[in-house]
Amino acid sequence: MTAPNAAATPGRAAEEQRQPMLRIDLAAVASNTRRLRARCPRSAFMAVVKADAFGHGMSDVARTVRAHGADRLGVATLGEAHALRRAGLTGPVLAWLTAPHSDFEAALQDDVEVAVAGVEHLRAVAGAALSTGRTARVHLHADVGMARDGASPEQWAELCGAALRLEAAGVLRVVGVMGHLGCADDPDDPHNRQGREAFDVAVRQARRVGLRPRHRHLAATAALLNDPRSHYDLVRVGAGLYGIDPTRRAGLRQAMTLTAPVAAVRDVAAGTPVGYGHAFRTDRPTRLALLPLGYGDGLPRQASHRAQVLLRGRRRSVVGLFSMDQIVIDAGDDPVTPGETVTVLGPGDAGEPTVEDWARWAGTLPHHLLTTLGGQPRLARRTLPAPPPSPSASRPSASRHPASRHPADLEIPA
Ligand SMILES: Cc1ncc(COP(=O)(O)O)c(C=O)c1O
């Protein structure tokens, strides 16, 4: 974490005057974690920190969410899981997207749980368990309707049978069964019910062959907020931690803010063409303000002609096509001067656009913009720490989750 250091760092205003600046507010991540946690009191909570925690900095976020109530961490790749261990993160970590030829020995040495979607895959994990002498902890991954990752219904029985044999041989333990919903953003979509039913079938089949998965997990952010029936024993929550709220009612707070200084201003006449292709012409005499960031810094060029920023407390339009390194703001009659700070996106407190606004202007998802902006090497970055957790936020999970104390006592719908 980049701790504020009064001696070594200039003040916030000075930093923002100097360069485009990405700020990560870990207090927002902490508060989102607590709010989301409170929405699933009977389930354990896996915080999803893949893709560098959606661009927010994986190790900082992982430490924050663990301190504020997350029981486990989830990532897509083994590389991400190893990075968490290297950063000193302890506790359960699941990596759900591995290929059958991945280095499962290294995964086991690092005490990483893996999701498995096929028999070949399972055998590879078992081979690594034999060669390392460590018992693998696996989650069987069922495709419940996305035709993406996860075993198909046709492959499921064979996968469960193979897993049981390897479990009986002491090579691995099936600690979870997972699925993922494709349409959970829309609570009225009938595919959600179908996905839940397919998941119940998969869990029943697993139990029928004799497996006793402790963690049944299906819900991500949207299902967590929209449908308690999807919570099962564990929820896997990514987007919501960073303030993406599919319901718009959960009181989550965006953790990322992007500002940029005005690099130059010019007063122009009506009819002045702006930027490449002269794709915009001013409709009145106006002041144009230049910002030193563009699509080379992760701003989506598709938002040209639609995007706005906050300048002197007012929304102002970005005009002309985005360039790689610069965008132009129509400041109207505001007497804006170089060095003033413009908020490109933020939590919306002062009326600035949010990442959801930008996603709409660009025809993409907020997830896409957060991961893109968070990975930009040219953007200066500052991470603001979260307050220490209250004692109740860091209680051990077993005291809150009956299911995690009684692994064999799972309630499976008939
Ligand atoms: C398998 C899986 N589970 C959980 C998540 C977290 O989803 P969300 O960010 O909507 O909470 C993702 C994210 O893409 C995922 O792929």
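Figure 1. The C-alpha centres of domain 1 and domain 2 lie 38 Å apart. Domain 1 covers residues 10–22 + 255–384 of the protein chain, and domain 2 covers 26–242. These bounds come from an automatic or database domain assignment. The model is predicted: local features need pLDDT of at least 70, side-chain atom pairs count only at pLDDT 80 or more, and totals for chains, interfaces and linings use all residues. Residues are numbered from 1 along each chain as its sequence is written, and side-chain values use heavy atoms, with hydrogens and water left out.

**Figure 2. Where domain 1 touches domain 2.** Nine residues of domain 1 are in contact with 13 residues of domain 2 (contact means heavy atoms within 4.5 Å). About 840 Å² is buried between the two domains, and carbon and sulfur atoms give 61% of that area. Buried area here is the accessible area (1.4 Å probe) that two parts lose on being put together, summed over both. Four residue pairs, both at pLDDT 80 or more, are in polar contact between domain 1 and domain 2. A polar contact is a pair of N or O atoms within 3.5 Å; within protein, one must be able to donate a hydrogen and the other to accept it, and residues adjacent in sequence count only if both atoms are side-chain atoms. On the side of domain 1 that touches domain 2, α12 (366–374) and β19 (380–384) each give two or more residues. Helix α12 gives the most, with four residues. Helices (H or I, at least four residues) and strands (E, at least two) are DSSP runs, numbered from the N terminus.

Figure 3. D60 and R63 form a salt bridge, with their closest N and O atoms 3.9 Å apart. In a salt bridge, a side-chain nitrogen of Lys or Arg is within 4 Å of a carboxyl oxygen of Asp or Glu. Both residues lie in α4 (residues 58–67), three residues apart, about one turn of the helix. D60 is buried, at 9% relative accessible area. R63 is partly exposed, at 37%. Buried means under 20%, exposed over 50%, and partly exposed in between (1.4 Å probe, protein chains only).

**Figure 4. The salt bridge of R229 and D227.** The side chains of R229 and D227 meet at 3.0 Å, N to O. R229 is exposed, with a relative accessible area of 57%. D227 is buried, at 12%.

**Figure 5. A salt bridge between distant parts of the chain.** R248 pairs with E356 in a salt bridge, the closest N and O atoms being 3.9 Å apart. R248 sits in the loop between β9 (234–237) and β10 (256–261), while E356 is in helix α11 (residues 355–362), 108 residues apart.
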